[in-house]
Amino acid sequence: EFRRVLFRSMKRLIYILILIFFTKAGIAQYSINLLFEHPVDSVVYFRVATFDDKLFIPKDTVYTNKGKAQLVYNSPIYGGIYYLYFPQSRKRILLCLENNDHFSLSFSGNNKWEDSIICTDSKNNIFLKYQMLERKFDYLDEEYSKLIKKGNATLKFKEYFFKEKKDSLSAFRETAIKKLNPTGLLYKYFTALNSIDEYAPNKKNYFQRNQLLNTINLKDPQVYFSSLPKKLLYEYLSSYPLIADSILSGVEMVMKRLSCKDKVYANIFDYFASVLQNSSIKDNMKGYTQLIEKYLINSSCSFLPKKAKDEIISKYSNMKKLVNMDTATNIILKDTSGIFQSLYEQLPKYDYTLISFYDPTCEHCQYQIPLMDSTIKVIIRNTGLKILQFAICNTDLSYENEWKKFIILHKLEQHYVHLILGDSLSARVAYSAYSNPIFFLLDRNKKIIIGKGDVVSIKRYLLSVK
């Protein structure tokens with residue numbers, strides 16, 4: 001048995017060495033030779049990351065049934081963090097790819113196939129070992145995700161929860177850096193991750209904030225083709241109070257370092273726009289409209305395709321109306337019995353009305369909606385206020401069964417009017433409800449007291465009026 005295993009391993013290695021020889025003899029700017037033994041996946045996708053882990057550019061599709069394949073690109077590349085995605089097993093193998101890289105990868109299809117990869121490139125061998133160490137801590141990410149949904153995760157607890165993972169990965173990177181080319185991408189990648197990990201958010205330490213921004217050059221094309229920009233900006237903004245004006249000052253510090261012609265500019269703009277729609281940020285709607293006005297509407301530089309720009313401006317226009325609007329727009333939708341209900345008819349009956357937009361299949365909603373419900377019930381009990389929850393299922397009618405089950409499961413019955421958006425999109429447009437969940441607090445005179453608020457801001461206001 002041992003001889004047979006040894007023979008197979010030698011055969012694979014010889015095959016790899018032959019491929020390397022012929023590849024380097026060619027004119028390719030990069031080439032990766034792939035060998036699959038008993039593959040689990042019939043197809044593998046080759047992609048390059050852009051800005052963060054969720055954005056990518058598809059580069060190639062590999063079919064594993066022949067047992068071997070070659071990825072070749074004949075034009076010069078900037079380099080970046082590429083990856084092979086195995087859809088059936090849902091695995092990703094990251095590769096640090098630079099110009100004139102030529103190497104081979106061999107995969108075995110057993111249950112522990114990550115451990116059986118043979119790579120002929122020294123830096124990617126280090127990178128593969130790093131990823132294997134990361135996967136040993138995957139269970140922590142899953143457990144922490146559950147805690148977030150339950151609302152049991154604080155910043156200090158997060159630091160304690162991930163301490164072992166953070167220390168282990170940091171120690172690996174420190175050791176690896178000593179073996180890597182100081183001008184190479186993986187050296188930059190590991191060095192930046194260490195700086196980000198060492199950063200401790202401090203709302204008063206302005207020098208530390210600026211030092212963090214100096215960790216990586218956002219203009220560097222190699223950095224763009226990685227997940228580093230988003231990781232950096234997330235940590236950077238965590239030093240600012242959750243107030244739109246403060247966040248915008250942080251945005252300004254980043255944007256003035258860039259030209260709108262830089263590859264990363266549109267991604268960073270889009271990231272900041274998504275941050276400023278977070279209901280946890282005070283005056284988020286006002287902050288969002290100011291961002292769009294400064295960097296898109298009043299800017300002479302064009303960095304977005306016309307269709308994307310038009311969509312954002314349309315969304316901005318609706319948001320701007322909400323910012324300037326004292327009177328809420330009426331909403332008329334069908335309830336669980338199929339009867340039309342009008343917001344305007346309900347408002348005079350209550351001291352306050354809470355409009356909520358949600359999706360019953362949204363994980364965040366499955367935590368936030370019951371939390372808001374229990375908060376409102378406690379406020380009603382302790383203050384005597386009459387509060388109606390005007391809850392809108394922000395989906396089409398195909399989700400009707402999930403909607404009704406959600407109401408029953410979470411006992412969302414007392415002081416409620418339940419409606420479903422269905423085919424009528426006017427309410428979504430009027431309240432710019434393009435994400436879930438979203439909350440608005442209205443008084444009996446149709447005035448919007450809080451727009452796109454969260455549990456904390458709404459609770460604080462309602463307790464202050466009694």
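Predicted model: local features only at pLDDT ≥ 70, side-chain atom pairs only at ≥ 80, totals over all residues.
**The whole protein**

Begin with the complete chain in cartoon view. Its secondary structure comprises 18 helices and 15 strands. Of the 466 residues in the protein, 48% are buried. Among contacts with a separation of 6 or more, 66% are between residues 24 or more positions apart. With a surface displayed, the protein exposes about 24300 Å², and carbon and sulfur atoms supply 53% of that area.

**The nonpolar cores**

Select Leu84 and Leu105 next. These are the residues with the most contacts inside the largest nonpolar core, which has 113 residues. Leaving aside neighbours within four places in sequence, leucine 84 is in contact with a set of residues that includes Leu34, Val44, Tyr45, Phe46 and Leu71. Further along the sequence, the contacts of leucine 84 include Lys91, Arg92, Ile93 and Leu95, as well as Leu105 and Phe107.

**The cysteines**

Now display the cysteine side chains. A search of the whole structure finds 1 disulfide, and this bond joins cysteine 260 to cysteine 301, with an S to S distance of 1.4 Å. The pair links distant parts of the chain, 41 residues apart. Cysteine 260 is in the loop between α10 (244-255) and α11 (265-275), while cysteine 301 is in the loop between α12 (284-297) and α13 (306-324). The disulfide is right-handed because the torsion about its S-S bond is about 80°. Cysteine 260 counts as buried, at 17% relative accessibility, whereas cysteine 301, at 22%, counts as partly exposed; the cut-off for buried is under 20%. Two further cysteines may be selected: cysteine 119 is buried, with a relative accessible area of 8%, and cysteine 362 is buried at 17%.

**Serine 280**

Move to serine 280, in the loop between α11 and α12. At 37% relative accessibility, serine 280 counts as partly exposed. Not counting residues up to four places away in sequence, serine 280 touches Leu242 and Asp454. Select serine 457 as well: serine 280 and serine 457 are 177 residues apart in sequence, yet their C-alpha atoms are 8.1 Å apart in space.

Select Leu425, Val429 and Tyr434 with the surface shown. Together they form a nonpolar patch with about 250 Å² of accessible area. Tyrosine 434 is found in the loop between α17 (426-430) and β14 (438-443) and is partly exposed, with a relative accessible area of 40%. Proline 437 is also in the loop between α17 and β14. The peptide bond from asparagine 436 to proline 437 is cis, with omega near -10°.

**Positive phi values**

Finish with two backbone positions. Most residues other than glycine have a negative phi. Histidine 38 has a positive phi, near 50°. This histidine 38 lies in the loop between β1 (30-37) and β2 (43-50) and counts as exposed at 59% relative accessibility. Lysine 446 likewise has a positive phi, near 75°. The place of lysine 446 is in the loop between β14 and β15 (448-453), and this residue is partly exposed, with a relative accessible area of 30%.

Note on methods: Residues numbered from 1 in each chain as written. Heavy atoms only, no water. Disulfide = S-S within 2.5 Å. Helix = DSSP H or I, 4+ residues; strand = E, 2+ residues; numbered from the N terminus. Buried < 20%, exposed > 50% of the residue type's maximum accessible area, 1.4 Å probe, protein only. Core = buried A, V, L, I, M, F, W, Y, C linked by side-chain atoms within 4.5 Å. Contact = heavy atoms within 4.5 Å. Patch = residues over 30% accessible without salt bridge, like charges linked within 9 Å, V, L, I, M, F, W, Y side chains within 5 Å. Areas by Shrake-Rupley, 256 points an atom, 1.4 Å probe, with all protein chains shown as cover. Salt bridge = Lys/Arg side-chain N within 4 Å of Asp/Glu carboxyl O.
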